[in-house]
Amino acid sequence: MLVIGHMTIDELEFPGVSRISPGGPPTFCSTYLKQAGFIVKPISVIGVDFKPALRPYEELGIDLTGVKVEESCRTTRFRIRYDESMSRKLWLLSRCRDIKLSDITVNDDAVVINPVAGEVSWGLVEAIRERARLVSIDLQGFTRRFLSDGLVINDNSRNIIELALTHSDVVKVSADEVNHEVKHVKDKVLVVSMGGNLAKMYTNGKVYWFDGNVKVNVVDPTGAGDVLICSLTGYLKMGLNPLDAFIKAVALATVRVTVNGPFGRIDPWLLDQVTGELSRLVRYSEA
């Protein structure tokens with residue numbers, strides 16, 4: 001599986017503690033999905049300031065041949081500030097250049113397009129769609145706008161979900177990025193992530209949700225949404241039906257928040273337990 005988007009440097013601020021860490025969708029998807037048995041290849045553009053952070057990826061055996069070091073820009077960098085409830089605000093501090101078609105070799109039949117700062121154009125999405133069998137899009141990097149001080153806000157148009165669905169098989173959007181009612185979804189998959197309230201999935205004229213929650217110790221929610229869309233894509237590529245893939249993906253994203261940073265080790269027993277609980281909680285209705 002290819003994951004396309006900027007790898008980032010994240011300045012993380014939690015109540016009482018701060019740290020700087022590698023981040024971005026190619027990071028979280030490659031490190032956490034590897035623990036679930038998937039092989040993920042990051043496709044990204046970074047600055048030379050990221051090079052010292054590459055060693056842990058190499059030690060994990062992650063293929064970095066799709067990561068280009070760009071001398072002309074600094075790595076995309078965010079300040080991410082969490083409050084006591086783990087709600088967050090983001091500021092964009094620096095941004096590397098856009099990702100271009102010449103940066104990408106589509107040598108896998110599954111591609112996740114997951115930008116964070118508008119680095120992927122819709123024209124590039126169309127070109128990728130022509131080259132891959134299974135395409136997923138996370139809309140976060142398409143809906144974000146940046147104020148003069150770098151503060152990130154969401155400013156999506158009403159038709160952006162429909163636009164994404166025309167160019168992909170799977171779309172993921174966060175609840176705070178949806179400002180209108182989701183329409184009927186037939187042969188595609190649309191997932192709405194809802195933080196502590198887990199997620200909903202729309203597909204084949206039905207909507208699936210969880211009647212309750214799963215209690216875990218939330219340590220670091222960064223990248224959970226990335227793990228959700230990437231693992232859902234991976235399970236669909238394996239041939240799982242959308243419901244089973246959805247349950248497994250939500251479980252992996254849920255367990256991800258229990259460990260720190262992009263290189264934490266998830267507990268396999270906890271993953272199995274959460275998967276079982278979610279299987280019992282899932283419900284559906286006609287959309």
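The model described here is predicted. Its secondary structure amounts to eight helices and 16 strands. Along the principal axes, the C-alpha trace extends over about 50 × 45 × 40 Å.

Helix α1 covers residues 25–34 and is mostly covered, with nine of its 10 residues buried. The buried residues of α1 are P25, P26, T27, F28, C29, S30, T31, Y32 and L33.

Two helix pairs, both involving α7, are described next. Packed helices of this kind are described by the angle between their axes and by the distance between those axes. In the pair formed by helix α6 (residues 224–238) and helix α7 (residues 242–256), the axes come within 8 Å and cross at roughly 150°. An angle over 145° counts as roughly antiparallel, and α6 is therefore roughly antiparallel to α7. The crossing of α6 past α7 is right-handed. On the α6 side, the contact involves A224, V227, L228, S231, L232, Y235 and L236. Facing them in α7 are P242, A245, F246, K248, A249, V250, L252, A253 and R256. Sorted by class, the contact of α6 with α7 comprises 13 nonpolar residues, one polar residue and two charged residues.

Helix α7 also meets helix α8, which spans residues 268–281. Here the axes come within 9 Å and cross at roughly 130°, so α7 and α8 are oblique to each other. The crossing of α7 past α8 is right-handed. From α7, the residues I247, V250, A251, L252, T254 and V255 take part in the contact, while α8 contributes L270, L271, V274, T275, L278 and S279. This contact of α7 with α8 is made up of nine nonpolar and three polar residues, with no charged ones. V250 and L252 of α7 are listed in the contact with α6 and again in the contact with α8.

T254 lies in helix α7 and takes part in the contact with α8. Its relative accessibility is 10%, and because buried means under 20%, T254 counts as buried. When residues up to four places away in sequence are not counted, T254 touches L198, V216 and V274. Of these partners, V274 belongs to the α8 side of the helix contact.

I62 is found between α2 (55–59) and β5 (67–70). With a relative accessible area of 8%, I62 is buried. Leaving aside neighbours within four places in sequence, the contacts of I62 are S30, T31, V40, P42 and Y57. Among them, S30 and T31 are buried residues of helix α1. K41 is 21 residues from I62 in sequence, and in space their C-alpha atoms are 6.9 Å apart.

Key. Residues numbered from 1 in each chain as written. Predicted model: local features only at pLDDT ≥ 70, side-chain atom pairs only at ≥ 80, totals over all residues. Heavy atoms only, no water. Axes fitted to C-alpha atoms, helices over the stretch in contact; angles between N-to-C directions. Helix = DSSP H or I, 4+ residues; strand = E, 2+ residues; numbered from the N terminus. Parallel < 35°, antiparallel > 145°, perpendicular 65-115°, else oblique. Left-handed = near helix turned anticlockwise from the far one by under 90°. Contact = heavy atoms within 4.5 Å. Nonpolar A, V, L, I, M, F, W, Y, C, P; charged D, E, K, R; others polar. Buried < 20%, exposed > 50% of the residue type's maximum accessible area, 1.4 Å probe, protein only.
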